[in-house]
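Here's a quick tour for anyone meeting this structure for the first time. Have a look at it, then read on.

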Amino acid sequence: MFNIQLVNNRGFEWYKNKNIFVKGYFFDDENNFIERENLLRFFAGIEKERDFIRKIKQANGVFSVVIIANNRIFTASDKTRFFPVFYYLSENELFISDDIKIIKNKFNNCKIDNFSAKIFKIARYTIGNTTLYENIFQVQSAEYVIFESNKIEKNGFFFSYATSSLNNADYTELKKQAIFIFENAFKRLLVSLKNRPVALPLSGGYDSRLIAVMLKKYNYEN
């Protein structure tokens, strides 16, 4: 038995049909911008683990997704985990929600996880898939989780910032490659903005400077 309650539609709304729940936006492997109802089309027809992993690897952007297929539940969040997804597992039920309070209240689970609380006091966040509550877990950044019969059948990560290869090009070539990557990233950003206003807090650091310079370079006026 499973229960899915995805209710947070502020900013970005969940798009749903009978077996797919998805929110966010991204570019596919052909650089097409995918948003709104097209998110459902992108994830349509997924029935097997390999198809699910292939799709989430193709999605370059910000998203969370839950899919029901063949008595299994597939879920994943992108590398930013901008849209949190929480889950509670018991012998009789799997409960998935984007609002941890719903899970806490439904199962009357107010018991604090002491280890997570200690980590939170030090770092101001919990680690791994834990939350501050016992038995309530979260889908991690760039993680996929597959449930079957109210148990985790498999989970893993579909993206990592770690690298196993070394680029031996000289400085000039490396600089050229870096500029190419940055320019493509900002071109995608401008497509996704759709001329909406951009508010850019200027910290004086390199991140805010880079964003300001690239928006100016591509004549983004709003």
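## Ground rules

Strands here are DSSP runs of E with at least two residues, helices are runs of H or I with at least four residues, and both are numbered from the N terminus. Two strands count as paired if DSSP finds at least two bridges between them.

This is a predicted model, where local features need pLDDT of at least 70, side-chain atom pairs count only at pLDDT 80 or more, and totals for chains, interfaces and linings use all residues. Residues are numbered from 1 along each chain as its sequence is written, and side-chain values use heavy atoms, with hydrogens and water left out.

## A strand with two partners

Let's start with β7, residues 86-89. Four bridges tie β7 to β8 (residues 94-97), and the pair runs antiparallel. A four-residue hairpin links β7 to β8. β7 also pairs antiparallel with β9 (residues 136-138), this time through three bridges.

Who does Y88 partner with in β9? That's I136, while in β8 the bridge partner of Y88 is F95.

## The largest pocket

A pocket is an open set of points on a 1 Å grid over the protein atoms alone, where a 1.4 Å probe fits, with protein on both sides within 12 Å along at least five of seven lines; lining residues have an atom within 4 Å of a point. The largest one has 34 lining residues, with Y25, G61, V62, L189 and S192 nearest its centre. Among the elements giving two or more residues to this lining are β3 (20-27) and β5 (60-69). The top contributor is α5, with nine residues.
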